[in-house]
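Take a look at the chain below.

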Amino acid sequence: MNRIFQNITAITTTLLLFFSTSSYSYAYGEIPITGESSLLDRTISDSDFIRWQNSWSATGSTHTGDVVLTPGDTPADLNFSWYAEVSGTPAVLLSTAPDFQHSHVVLGTGTAINRTNGIHSYTSSDQVSVSGLFEENKTYYYRITDDYYAPSVNWSKCYTYQTKNTEEFEALVISDAQIGASGSMDVDAYNWNRTLIQAEKTAPDAALLLSAGDQINEKTNEDTLQREYEYAGFLAPDLLRHLPLAATIGNHDTKVSDYSEHFNNPNRDGNYGATPAGCDYYFRYGNALFIVLNSNSRAVSSHRTLMKQAVTENPDAAWRIVMMHHDIYGSGATHSNRTSANLRIILAPLMDEFQIDLVLSGHDHSYSRSYSLLNGTAFIDCNTVQKNPLGTTYVSLGTASGCKMYGLASPEQYYIAERSNNTVPTYSILQVRPNTLSLQTYDYTGKPYADPLTIEKTKPKTDPLSFLTSIEAKKKVNYTKSSYNKLLKALSSFQKSFAKTKTDKGAQKIEKYYKKSKDPLSYYGYAAGTTDVLPVGFSTLLDKTLYGSAFMLSSDFTAKKTTIKTADTNLKKTSLTVKKGKKKIRNNQTIKIRKGKKVSLKIQKKPAKYKVTYSSGGKKYVTISRKGKISVKKYRKKPIKLKVKFENRTLTFYVQPIKIK
């Protein structure tokens, strides 16, 4: 419990009381790991694995070409993709009857490829998109063919696809299967398959499978045999034939186009956030909008365009869920305080801007869950149950295959609500209901691995900081001193607790120089900058979240916000008009008055009860009384500066003495 207090020197009595009365139940907890660990040694001699491996050795390579279901734009749509050894016009045969009575044929397109896993060679990436044909809670049967116009059409065996209820549904969530990372592709494929079998038992009616990236391990395109054989391991589970898979581009996927050749993702026409593997995309399922970002790309404006398009097209979506590979608020020892923290600079503000409810990620091969975060401030009362949270909750998933596992960052970051790196594969179940979003994580035996998370909404989510824009833009000159000072005091108190970041020049620099010679970062061969954490002073958000800490209670935020809005409501406007005769004196205007002449200014002011003060910059020549009467005593060629002050308003003008002829 005391870990969150490390490196924090000032803690209020309220926070101390909160922490002292909180309790946590860590299902597995933290395991000391030096370097990395995997299930390789524990699996290689297992009798079940040996039996599985004997069968796999004979048939495993064929799975490289297996058909994969991916989501369409909506639940009424569905996409198909597979590798073909012959080129032609691909097609899908659909029916609601197992004998394919009253069937429907949908044609697709084949893209020429040259892929091999050393045993099988593929010439075409076949993709078919079916729109508007699927109804809820129905069983559909389908077959595929590589060439619908062949003299004799060769249809595949029959597969099934069961549509689900969209008002309430579940999704399986995994990350970092990373087949091949343990050193044995067979071991990883076996454990990956085992995890999915158990996940399906836990949630047999799941509507989707979400993968937060790193489907395979081989990073480069130099050995396509290895990449495609690893894809054989990833694509082998039967679940992928009847459950749509939304896969994210991980850092191990990003440099080769085979990702886009295996997965037919929706809404990718704009090619936003693209790397050689593919780009951002999004889809709608029921009340949830899923936005999948390619976090290998640092093109922030491109990501923003995609997110704006997704949100604009789905204004009624109750939930906004982002999936990306890098855990920008994770807690793994390998990346969370280094490369992922650097990406936090550019990606976290997007989550605030579009009021994202939940971010799912991977990358560090360990589990962590944040408190609700807004602008880098953690709301520490938003833990396992979050009611109308102000910010975004970030969950970093473990590895679904146990291919490799790492240690955890020390000290634990202030924004972490729970974390664990027990060395077993994991999966999560995301449950989406009209007013609640919940996530439960399990190990591959089906035992709970972490505390359940529940996010509840009783009202639409809006930007909690939007009220500041108009208030901070208000000019001091327009208001009385006392009312404006109360507003400043309220803003200062809020800023002291919340520490809202200013314009982040570091984020601007990252985007401006992305892939250019001055790129400050170097990830996955895209530039020549650093992979170390960026220094203090580079980014206001990084200074706040990595080199500092910011946390508070939601009630404190709300109270301070109310104080600001009350002070804003109570602002008293002022007005000041100064005239010489019937003519209004403008700021910095020069008026001429004869030597020895006296002129009384006419003052119009609101509120009337506040006083006006006057001053002269050359009393030897021109004076002005407490009642605003100007007296010209001596001639001077240079004009004399006079000031009329009323609350926060100051009118400056000049008097030019004129000689008496």
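The count comes to 15 salt bridges in this predicted model. Side chains of opposite charge can pair when their charged atoms come close.

| Pair | Closest N and O atoms |
|---|---|
| Glu30 and Arg419 | 2.9 Å |
| Asp66 and Arg241 | 3.5 Å |

Start with Glu30 and Arg419, which form a salt bridge. The two residues are 389 residues apart, so this pair links distant parts of the chain. Glu30 sits in the loop between α1 and α2, and Arg419 in strand β21. Glu30 is partly exposed at 34% relative accessibility. Arg419 is buried, at 4%.

Next come Asp66 and Arg241, joined by a salt bridge. Asp66 is in the loop between α3 and β1, Arg241 in the loop between α5 and β11, so the pair ties together parts 175 residues apart in sequence. Asp66 counts as buried at 17% relative accessibility. Arg241 counts as buried at 6%.

Glu228 lies in helix α5 and Arg115 in strand β5. Glu228 is buried, at 1% relative accessibility, and Arg115 is buried, at 10%. Shared partners join Arg115, Glu228 and Glu261 into one network.

Now the nonpolar side chains. The largest nonpolar core has 67 residues. Leu210, Phe290 and Leu430 have the most contacts inside it. Another core, of 47 residues, lies apart from it and includes Ile291 and Tyr415.

On the surface, Val105, Leu107 and Tyr149 form a nonpolar patch. Val105 lies in strand β4 and is partly exposed, at 31% relative accessible area.

Technical notes. Residues are numbered from 1 along each chain as its sequence is written. This is a predicted model: local features need pLDDT of at least 70, side-chain atom pairs count only at pLDDT 80 or more; totals for chains, interfaces and linings use all residues. Side-chain values use heavy atoms; hydrogens and water are left out. Patches are made of residues with over 30% relative accessible area and no salt bridge: like charges are joined within 9 Å, nonpolar side chains (Val, Leu, Ile, Met, Phe, Trp, Tyr) within 5 Å. Accessible areas come from the Shrake-Rupley method with a 1.4 Å probe; for residues, only the protein chains shown count as cover. A salt bridge is a side-chain nitrogen of Lys or Arg within 4 Å of a carboxyl oxygen of Asp or Glu. Helices (H or I, at least four residues) and strands (E, at least two) are DSSP runs, numbered from the N terminus. Buried means under 20% relative accessible area, exposed over 50%, partly exposed in between (1.4 Å probe, protein chains only). A nonpolar core is a set of buried Ala, Val, Leu, Ile, Met, Phe, Trp, Tyr and Cys residues joined through side-chain atoms within 4.5 Å.
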